[in-house]
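Here is a friendly briefing to read alongside the model. Have the viewer open and follow the topics one by one.

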Number of protein chains: 2
Amino acid sequence: MVPFSVTVLGAGSATPTLERYPASQVVNFNEQIFLVDCGEGTQINLRKYHIRFQRINHIFISHLHGDHFYGLPGLISTMDLLGRKNPLHIYCPGHLEEIIDIMFNRSQVVLDFPLQFHPLGFFGSDKVGSLPTEQAGASGGKETLYENDRIFIESFPLKHRIECWGFIFSEKPPLHNIRKEVIEQYSLSFKDIATIKKGSDLQTADGTTVPNRELTLPAHSPRRYIYCTDTVYDESLIPFLRKSDLLYHDSTFANDKSSRARETFHSTAEEAGYIAKHAEVRKLLLGHFSSRYNDLSILLQEARQVFPETDIAEEGKTYPVGF
Amino acid sequence: MVPFSVTVLGAGSATPTLERYPASQVVNFNEQIFLVDCGEGTQINLRKYHIRFQRINHIFISHLHGDHFYGLPGLISTMDLLGRKNPLHIYCPGHLEEIIDIMFNRSQVVLDFPLQFHPLGFFGSDKVGSLPTEQAGASGGKETLYENDRIFIESFPLKHRIECWGFIFSEKPPLHNIRKEVIEQYSLSFKDIATIKKGSDLQTADGTTVPNRELTLPAHSPRRYIYCTDTVYDESLIPFLRKSDLLYHDSTFANDKSSRARETFHSTAEEAGYIAKHAEVRKLLLGHFSSRYNDLSILLQEARQVFPETDIAEEGKTYPVGF
């Protein structure tokens with residue numbers, strides 16, 4: 001089973017503190033590193049947690065509030081100064097390209113590597129940005145952003161004050177594990193093995209069919225991680241989240257500030273718990289904490305009353321996706 | 001004598017490391033706090049070194065390389081989220097207003113306090129930005145940016161790859177100290193005292209003139225701090241720096257990289273020493289170190305061979321201006 005995990009770089013929200021950086025995390029799938037959001041200080045935390053910048057080829061930015069992208073210009077500059085040549089793909093609301101372009105243009109920075117922006121959204125980037133999020137979301141579904149033979153990554157619309165997106169990291173159905181003893185028993189060729197691992201039955205020389213289930217061990221279920229911040233409590237998200245192995249969900253406030261959560265289009269920890277419960281996820285990770293909470297145990301407690309399989313996202317800590 | 005000091009928040013250059021943040025420092029004059037440059041992470045370091053954000057009303061940005069301003073959007077946002085109402089003045093190359101405007105506009109951020117940009121430069125901001133720095137500097141002199149009854153702050157042009165400015169913080173000639181015994185001796189009124197402290201002689205009732213020097217103790221010489229980064233070695237700066245109490249000067253490289261210094265329009269530590277020596281400053285502070293130097297002692301040593309009164313700018317440390 002290839003590695004699949006999430007390392008939290010920043011679990012804070014709009015005002016960073018000494019204890020909590022703004023939003024950023026890395027998803028490691030099979031040693032391929034994806035960066036999700038990039039608040040101020042992300043490049044410092046990448047160093048702190050020994051994650052090599054240049055291994056990042058794909059960055060996903062949920063929305064254009066500063067705590068989710070103010071670290072991006074600095075990270076790109078540093079990648080360039082350290083000699084990067086490989087393309088960097090950025091999946092983001094369309095206006096980010098305009099912002100980065102003007103910043104580099106005014107600094108007379110010319111990058112030595114290609115920066116490829118992939119604007120999110122079904123209306124095209126300009127239109128989504130100028131529409132109420134509800135409208136953007138109403139007709140929006142999932143959109144595949146990246147795919148290789150083992151993983152695919154999709155976006156889905158969130159309800160926040162501005163255009164905002166969640167991201168789904170889905171392992172593709174893994175190949176079956178072949179039983180070692182059958183290789184010798186049937187003198188299987190490499191080609192036979194590859195076909196069987198994909199799920200085929202075996203036709204032997206004497207015309208017998210050996211069913212796949214007798215040749216293989218069941219592979220694990222494909223794993224799924226979902227990044228879901230920032231969002232108001234929104235039950236229409238549940239279909240996107242269903243039965244995922246790990247869900248990171250906006251938990252900006254505790255119940256004492258539930259009206260503030262609604263006003264600012266954020267969620268409480270308890271609301272994150274309800275979403276996790278109804279979506280039947282395996283594990284919930286709370287994040288995007290307001291700086292007003294020094295002690296996060298109240299958020300954990302309120303979420304666990306609804307959904308016991310809940311943890312607090314701790315900066316520098318790595319969480320496995322699935323088991 | 002009112003306090004006058006510099007606290008270094010970041011003494012690194014383009015690529016931040018765990019040990020060294022990009023450019024930023026605060027100048028404290030009489031408990032008025034001025035921020036000079038604002039690299040990524042400045043707001044974190046303001047917290048770390050217990051400097052209250054909202055006391056900053058004036059920010060000076062030397063130029064638009066990212067290591068000098070990428071922390072500014074986040075700092076402004078945080079000031080706003082923490083309830084700021086007072087105006088914030090930003091002295092900077094003209095294009096910075098355009099950059100900040102577009103970032104806040106695309107995030108739909110509307111600040112609750114006035115943000116007042118003061119573009120630097122004699123040609124107007126657009127023109128300076130598009131001219132070779134030499135030309136901008138050639139006809140450029142000092143420009144007063146801010147003034148109150150005790151201090152004035154000026155800009156002067158530096159030779160760097162893009163439009164770039166140094167800043168001069170000059171104490172105004174301090175009031176004379178009145179001798180306590182003369183107050184009673186001549187029955188001085190508050191008005192008399194104020195006039196004498198400004199340097200006037202005293203006319204007594206019997207028509208005698210008492211010269212000021214008999215009434216007062218000499219005040220200290222006005223103190224001066226100069227921030228001079230980023231710049232190539234440039235003797236034409238010396239007239240701007242002459243006899244200042246403290247000079248912070250670009251020292252990106254040691255002598256092993258002197259050709260790299262010229263190519264990138266930076267200085268070596270030894271060159272900073274020569275400038276300090278010829279300008280007859282009292283103390284030199286080296287800064288803007290390349291991340292290639294983990295151990296800065298070679299830079300200190302090379303500068304001290306030319307100018308012994310040299311120190312390394314250490315993050316979190318406060319340096320007095322004058323004595």
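In this predicted model, the side chain of B:E163 makes a polar contact with the side chain of B:W165, at 2.8 Å. B:E163 sits in the loop between β8 (151-157) and β9 (165-171) of chain B.

**Loop residues in chain B**

- B:E163 counts as buried because its relative accessible area is 8%, which is under the 20% cut-off.
- B:E163 and B:G121 are separated by 42 residues in sequence, and their C-alpha atoms are 8.9 Å apart in space.
- B:D234 belongs to another loop of chain B, the one between β14 (224-228) and α9 (238-241).
- Is B:D234 buried or exposed? With a relative accessible area of 6%, B:D234 is buried.
- Once its neighbours within four places in sequence are set aside, B:D234 is in contact with B:K159 and B:I275.

**A loop histidine in chain A**

- A:H220 is found in the loop between β13 (216-217) and β14 (224-228) of chain A.
- The relative accessibility of A:H220 is 24%, so this residue counts as partly exposed.
- Which residues does A:H220 touch, not counting those up to four places away in sequence? They are A:M1, A:E171 and A:P174.
- With A:E171 there is also a polar contact from side chain to side chain, at 3.2 Å for A:H220.
- A:H220 and A:L284 are 64 residues apart in sequence, with 20 Å between their C-alpha atoms.

**Helix α2 of chain A**

- Why is α2(A) described as largely enclosed by the rest of the structure? The reason is that nine of its ten residues are buried.
- The buried residues of α2(A) are A:L72, A:P73, A:G74, A:L75, A:I76, A:S77, A:T78, A:M79 and A:D80.
- These buried residues pack against helices α1 and α3 and against the strands β3 (32-38), β4 (56-60), β5 (88-92) and β6 (115-119) of chain A.
- Just after α2(A) comes A:G83, with a positive phi of about 95 degrees.

**Where chain A meets chain B**

- In chain A, 37 residues are in contact with 37 residues of chain B.
- The two chains bury about 3,200 Å² between them, and carbon and sulfur atoms give 63% of that area.
- A:E40, A:Y70 and A:R106 supply 21% of the area that chain A buries against chain B, more than any other three residues.
- Two salt bridges are counted between chain A and chain B.
- B:R106 forms a salt bridge with A:E98, where the closest N and O atoms are 2.6 Å apart.
- On the side of chain A that touches chain B, α1 (42-48), α2 (72-81) and α3 (95-106) each supply at least two residues.
- α3(A) gives the largest share of that side, seven residues.
- By type, the residues on that side of chain A divide into 16 nonpolar, 15 polar and six charged.

**Domains of chain A**

- The domain assignment of chain A gives domain 1 (4-174 + 220-320) and domain 2 (178-217).
- How many Å separate the C-alpha centres of domain 1 and domain 2 of chain A? These centres lie 42 Å apart.

Methods
Residues numbered from 1 in each chain as written. Chains lettered and ligands numbered in written order. Predicted model: local features only at pLDDT ≥ 70, side-chain atom pairs only at ≥ 80, totals over all residues. Heavy atoms only, no water. Contact = heavy atoms within 4.5 Å. Buried area = accessible area lost by both parts, 1.4 Å probe. Salt bridge = Lys/Arg side-chain N within 4 Å of Asp/Glu carboxyl O. Helix = DSSP H or I, 4+ residues; strand = E, 2+ residues; numbered from the N terminus. Nonpolar A, V, L, I, M, F, W, Y, C, P; charged D, E, K, R; others polar. Buried < 20%, exposed > 50% of the residue type's maximum accessible area, 1.4 Å probe, protein only. Domains from an automatic or database assignment. Polar contact = N/O pair within 3.5 Å; in protein donor to acceptor, adjacent residues only side chain to side chain.
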